[in-house]
Each structure stands twice: as C-alpha cells, then as structure tokens.
Amino acid sequence: MSELALEIKNVSKSFQIHENRADSLKENIARVFSSKKNTATLFHALDNVSVKVKKGESLGIIGRNGAGKSTLLRILSGIMQPDTGEINFYGKPVSILDIGAGFHPELSGRENIFLSASLYNFTKAKIEEKYQEIVDFSGVENFIEEPVKNYSAGMYLRLAFSIITCLEADIYLIDEVINVGDANFQMKCKAKIEELIAQGKTLLIASHNLNEISTLCNRIVLMENGKILDIGTSDAIQKYFTIAIPEYFSFDEGKAFHLKEKNEIHSGVEQISILNYGLKDYEATFTGISNQKPISLFVEVEITEPVKISFGMQFCDITGVVAFTASTLARGSVSEIIEKGKYQITFLIPPHLLNEKMYAVNFTLVGEKKVLMKIDKLITLKISDGTETINAVVLPGVVKPIINSVIENIA
Amino acid sequence: MEQRIYKTIRGGQVSLLTYLKEVWQVRHLIITFAARDLKVQYAQTYLGLLWSVIQPLTGLIIFSFFFQRVIPLHISTPYSVFVFTGIIGWFYFTSLVGQAGTVLMNNQQLIKKIQFPRLVLPLSKALTGLIEFSISILLLFALMLITGCPFSWRILFLPLVVLANVITGLSGGIWLSALTVRFRDLHHIIPYLIGFGIWLTPVFYPTTIVPHEFNFIYYFHPVANVIALYRWIFTGTDVNLGQIIVSFSLAFVLFLSGLVFFVKNEKFIADHL
C-alpha cells in the first residue's frame with residue numbers, strides 16, 4: 001500500500017436555510033414570542049464524503065456550481081468546520097482558494113507581498129529570503145512601490161500568483177484559481193502546477209472545467225448535491241459528467257443524440273420560423289454516433305418574407321470551447337437574400353473529424369454582418385468510435401482528424 | 001504501516017486555552033493587520049498619522065469653548081487638561097468598540113479565503129488604537145506643559161490604566177464582532193450607542209456635578225472609572241476605589257465571557273458571512 005497524503009472520512013456539512021433569514025435582531029426576538037415554528041430547513045452541502053488521496057497524486061474535484069466543491073475545500077483549509085467526520089493530513093497542507101487573498105488595493109506591491117505572505121504564515125525572515133524570487137517571477141519590479149490599485153489586471157494576477165508559487169507545503173488545495181486571467185497567465189499557472197506534480201507534491205484541484213483539470217489530474221472526483229457520484233479517470237468521469245450536468249446536456253443514457261424541445265426555441269427573426277431539426281444520416285452504436293461515418297444534421301425553416309440571411313452551426317465541446325463553425329456563408333461573401341418558402345439546411349460532417357466526446361451544436365442565424373440569433377445546444381451529440389466498448393482511450397482534443405504518422409528507424 | 005498525522009480536522013469545540021495558544025503562535029498577524037490598517041487609513045493623505053489627533057483636538061476645542069465660555073464649569077484644574085483626559089479615554093474605548101465590533105464584517109473576503117484565528121482581527125484594532133492613543137498622550141503632555149500642570153509619580157500607573165482601557169473596549173468589541181456576524185442590525189446600532197454614551201460618561205463634565213442619587217451608575221460603568229483614573233494620574237483628583245473594583249470586575253467578566261463566546265462561535269463565522 002502506498003502512503004496516504006490525506007484522508008477525508010465521512011465528512012458532512014449542512015447549512016440552515018431560513019424561509020426568512022433571521023439576520024436581524026427583530027426577527028429573532030419576534031420568533032421567541034410567536035407561535036410559529038422556526039422554518040429553517042437544512043441544506044446538505046456535503047453529505048458523508050470520504051476520499052483517500054495518495055501521496056504524489058493529483059486529484060481533481062469536479063461538479064457544477066453548488067455541488068459542494070468549494071465547501072469541501074473550505075473545510076479542508078480550516079475556514080469552515082465539518083458537522084461530522086474527520087480529515088487527517090499526513091503532510092503540511094496549504095490552501096490556495098483565491099489569487100491575491102489578503103491583498104489591499106491601497107498598499108504597494110512590496111507591502112502586499114509581505115501582507116499576503118504573512119497571512120500564509122511565512123515568517124518575516126522567510127519572506128525577505130523569498131522576496132527577490134517573488135518579484136522576479138512576477139515581472140512587476142518597476143512598479144513594486146506603486147499601490148496595486150494602479151496595476152493592470154494582468155500585473156495584479158502575476159504578482160499575486162508569484163506569492164503562491166513560493167509557498168512550500170506537501171499538500172496543495174487549489175480552488176478554481178487556474179481559470180482566472182488571460183491565456184498566457186493560465187499557461188503559467190498550469191506550468192507551475194505541473195512542476196509541483198513533477199516534484200511529487202500532492203494536489204487537490206477543484207474546478208468546473210473538466211477539460212482543464214483532466215490533463216493535470218490522474219484521478220477525478222465527480223460531485224453532485226454534496227455527494228460523491230463517482231471517482232475515476234478523466235475518461236470515465238467524462239461519461240458521467242454529461243449526465244450529471246444537465247446544464248450542459250440533457251441526455252438519457254444510451255441515447256446517441258438529443259434535440260432541444262421545440263417550445264424552447266424561437267428563431268428571434270420575425271420572417272423566419274424553425275419547423276424541424278435533427279440528424280439525417282448517421283450510424284450509431286450503443287456508445288454513440290460513429291465518427292467513422294459521415295454525419296448530416298439538418299434544420300428546416302419557413303421564410304415568410306424575403307430576407308438576407310445565412311445559417312451556421314457551431315460545434316462546441318462540453319466545456320464550451322468552439323471546435324469549429326460550419327456555415328452556409330461562403331468565405332468572404334455576405335448573406336444572400338432568400339425568397340419566401342420552406343427550406344431545409346443540411347450540414348454534412350465528414351468522417352474522422354469529431355473526437356469521441358460530447359458536442360453541443362449551436363444554430364446561428366446571421367443577417368447582414370451580424371448574428372441575429374443563436375440557439376444554444378439545439379442538437380447535442382454523443383460521438384464514439386463506432387465500437388461497442390466505452391473503454392477505448394480517448395485522446396485529448398476538441399477534434400480528431402486523421403493524422404498520418406510514421407516511426408522510422410534512422411540509425 | 002502507521003503514518004504520522006500532521007494535522008487533523010474535525011468538528012467540535014476547542015478549549016479557550018488551546019485557542020489562545022493558537023493566537024499566540026500567529027501573534028505576528030496582529031501586528032501585520034494593525035500595520036496594514038494604519039497604512040491604508042493614512043495612505044495618500046498629507047497629514048498622515050496626524051489625522052488621528054484631529055478628532056480629539058476638535059473635541060478639545062469645542063468642549064473648551066462651550067464649558068468655559070458658554071456654560072462655565074468650575075473645576076480646580078485647567079479645563080483643557082481635564083477634558084482631554086476624558087477625551088482620550090473615551091475615544092480609545094469607542095474606537096475599540098466601533099472598529100473591533102465591525103472588523104469581521106469588514107474583512108469578509110479574507111475570512112472566506114484564508115484560515116487564521118479570527119480573534120487576531122479585533123485584537124489588531126487594540127494595537128492601531130494604541131498608536132493613535134499614544135499620539136494623543138503626547139498632545140496631552142504638551143497641554144500640561146502649556147497650562148503648567150505638574151507631572152506626578154502617578155504617571156507610573158499609566159500602563160495599567162491603559163490596559164484597563166483596552167480590556168474595557170475589547171470586551172465590547174469582541175462581543176459585538178461575534179454578534180454582528182449573526183445580527184447585522186448591530187452594525188447600525190453601534191454608532192448610536194457611541195453617540196449617546198458620551199452623555200452618560202464624565203468626558204466633558206466632572207462627576208461632582210451629577211446628582212448624588214445617580215452616582216451608583218459609576219459602579220457599573222468601567223469607562224467612567226478609566227477616565228477617573230486618567231484624571232487621578234494627570235490632575236490628581238480623587239477616585240472611588242469601590243467603584244473601580246466593582247466596575248473593572250464587571251469589565252473583566254464581560255471580556256472573558258466575550259472571549260468564550262467568540263471562540264465558541266468562531267467556527268460559524270465563515271458560514272454566516
């Protein structure tokens with residue numbers, strides 16, 4: 001048995017939710033004299049959560065907002081207390097629930113380094129030792145005596161993040177912080193986290209972005225309603241993720257695609273009404289629609305008056321990243337006038353393009369140089385490689401074109 | 001294989017002593033927060049820390065004008081020294097009640113993101129208050145020199161009286177800080193309490209003009225006795241030992257019970273913010 005880094009045993013936490021929150025004295029006093037019973041209901045933010053994290057492991061915690069990720073991290077970091085249960089740490093933990101926690105806008109960069117670092121329990125000597133490293137890493141040396149309120153958002157983040165990178169611990173508890181800032185900053189964050197992983201540190205990363213953490217974490221916990229639904233590899237979780245997160249998709253298990261309810265959609269353009277939509281030609285197995293064969297999607301519309309319009313379909317993965325956009329608009333041209341009548345618009349997706357994952361297809365109506373209407377998740381697709389087993393390895397990526405590769409002996 | 005546990009988290013109560021030990025371990029945070037507040041408060045002002053004496057100085061001028069020129073009060077010591085001893089004691093007390101009482105609400109973001117014993121926040125206010133108090137004391141010394149008030153050996157007792165002043169203020173501040181998290185109304189009540197409180201406290205008037213039948217109040221009024229002791233130190237007026245013992249015991253009980261209440265509720269603070 002390998003060594004444990006931390007053990008979460010049967011942790012529960014509930015909050016009282018009052019019908020009328022008795023925040024005021026009056027209500028509390030009134031309650032004493034009234035015959036009405038306290039109408040508080042219990043909200044179970046965490047319900048008997050148990051996880052063991054091995055040393056050197058990086059564990060992802062995923063779930064939608066309100067699933068209990070943040071409550072769990074707050075309890076782990078000691079900000080909140082569990083109602084029942086116990087957590088044992090077998091190493092020094094540090095929690096990074098926010099970038100720039102403890103920063104004060106009026107203070108200078110230098111003063112904030114000392115303030116923030118001492119909140120993370122650095123001694124003064126330690127901060128002085130690390131000071132230059134922090135400043136160098138942040139790249140804001142020229143502005144270090146300026147109040148941070150005058151910093152650009154990017155500078156602020158860089159300074160705040162460089163303090164965190166100097167924290168020394170065995171177990172890192174990280175909440176969502178890798179999702180802030182621009183792409184460049186996120187890369188830096190990820191690189192730092194990968195460095196920690198390489199050093200054999202134990203990580204716990206909470207996020208609602210499965211894509212983000214699937215590359216960082218070797219095991220992922222899926223939470224919903226304060227409970228752990230599943231623990232497994234990124235791929236295994238991805239399968240359940242779509243079921244558990246109806247905001248992204250609503251699906252019956254085993255179904256290959258899902259169409260948005262007709263009464264939920266409006267074209268948003270007076271002269272156009274959407275009659276029908278769906279898939280025409282495709283091959284599906286139990287595991288989903290095969291990406292080995294072409295897939296065609298269609299939308300039928302009725303146009304009551306001639307209108308300048310073009311149609312498009314945006315393919316997004318579950319994290320909202322647009323994989324590509326298909327459009328009736330030829331490159332560089334403008335929308336054309338379409339006469340009154342009923343039309344069927346078909347998009348033919350070539351084989352070997354989509355990856356084995358979920359896609360949401362957004363339908364767009366584009367007028368003269370601007371998007372008139374975007375219907376999110378008109379069609380959702382579950383794509384598979386056409387085999388009957390789920391366990392095949394899924395390569396990361398929003399698309400999966402055929403890339404020829406060779407291994408040659410050059411010796 | 002048994003692994004060594006570095007740290008365990010579980011629900012339930014910690015004892016006051018264990019908690020105070022934790023606070024002691026991070027005592028540097030008290031200084032950190034106090035320094036932060038002072039820097040922030042006086043950042044980008046021309047007068048800087050001098051602003052902290054503007055308020056007591058204004059009090060001094062207004063009270064001196066009213067109770068020497070408009071409604072003259074006849075007391076043996078120079079009125080300016082008399083009223084300023086009252087003002088410094090009262091202001092330190094009210095700044096502790098007001099600032100320590102709201103410090104948890106004003107640092108919500110921090111409390112939700114970083115773990116540390118929350119008691120250091122109200123305690124840090126005692127330290128910022130002490131800096132401002134010290135500046136006022138220097139001003140008092142200047143006043144005494146100008147008006148020719150003699151300095152006495154009794155000044156050796158000053159640290160003890162300041163301690164009584166801090167404990168009195170913190171007893172209110174700690175209770176209020178823990179309570180305001182639950183009952184936000186208190187946030188609005190505090191300024192009223194302070195506004196009316198000055199009339200019940202012998203800041204600008206001597207206790208000798210208060211009708212005798214009301215004197216029992218001072219047995220339950222620690223701030224009045226703190227001020228009486230400042231006056232004893234600086235102007236040599238008599239003090240009532242009975243009042244001091246009873247009211248200070250009361251303050252100490254309030255302080256201890258406030259600590260217990262705070263520690264008992266600390267684990268819910270983040271839940272309510």
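Okay, some housekeeping. Residues count from 1 along each chain as its sequence is written, and chains are lettered from A, with ligands numbered from 1, in the order in which they are written. Since the model is predicted, local features need pLDDT of at least 70 and side-chain atom pairs count only at pLDDT 80 or more, while totals for chains, interfaces and linings use all residues; side-chain values use heavy atoms, with hydrogens and water left out.

Let's start with the interface. Chain A puts 44 residues into the contact and chain B puts in 39, where contact means heavy atoms within 4.5 Å. The area buried between the two chains is about 3,700 Å², and carbon and sulfur atoms give 58% of that. Buried area here is the accessible area, with a 1.4 Å probe, that two parts lose on being put together, summed over both.

What about charges? The rule finds 3 salt bridges across the interface, a salt bridge being a side-chain nitrogen of Lys or Arg within 4 Å of a carboxyl oxygen of Asp or Glu. One of them joins Arg10(B) to Glu86(A), with the closest N and O atoms 2.9 Å apart.

Which elements of chain A touch chain B? Those giving two or more residues are β1 (4-17), α1 (25-33), α2 (69-76), β4 (84-89) and α3 (109-119). Helices (H or I, at least four residues) and strands (E, at least two) are DSSP runs, numbered from the N terminus. β4(A) gives the most, with 5 residues. Sorted by type, that side of chain A has 21 nonpolar, 12 polar and 11 charged residues.

Strands pair here if DSSP finds at least two bridges between them. β4(A) runs antiparallel to β1(B), residues 7-10, with 4 bridges joining them, and Ile87(A) has Ile9(B) as its bridge partner. On the chain A side, β4(A) is joined to β1(A) by 5 bridges, again antiparallel, and Ile8(A) stands opposite Ile87(A). Put together, that's an open, antiparallel sheet of 4 strands in the order β2(A)-β1(A)-β4(A)-β1(B). β2(A) (41-54) and β1(B) each have a single partner strand, so one side of each is left without a neighbour in the sheet. α2(A) lies across all four of these strands, β1, β2 and β4 of chain A together with β1 of chain B, at about 115° to β1(A). Axes are lines fitted to C-alpha atoms, for helices over the stretch in contact, and angles run from 0 to 180 degrees between N-to-C directions.

Chain A has another open sheet, with 6 strands in the order β5-β6-β7-β3-β8-β9 and mixed pairing. Its edge strands are β5 (93-96) and β9 (227-232). In it, β3 (58-62) and β8 (219-224) pair parallel over 4 bridges.

Last stop: Asp47(A) and Lys227(A) meet in a salt bridge at 3.5 Å, N to O. Asp47(A) is in β2(A) and Lys227(A) is in β9(A), 180 residues apart.

Conventions
Ala, Val, Leu, Ile, Met, Phe, Trp, Tyr, Cys and Pro count as nonpolar, Asp, Glu, Lys and Arg as charged, and the others, Gly among them, as polar.
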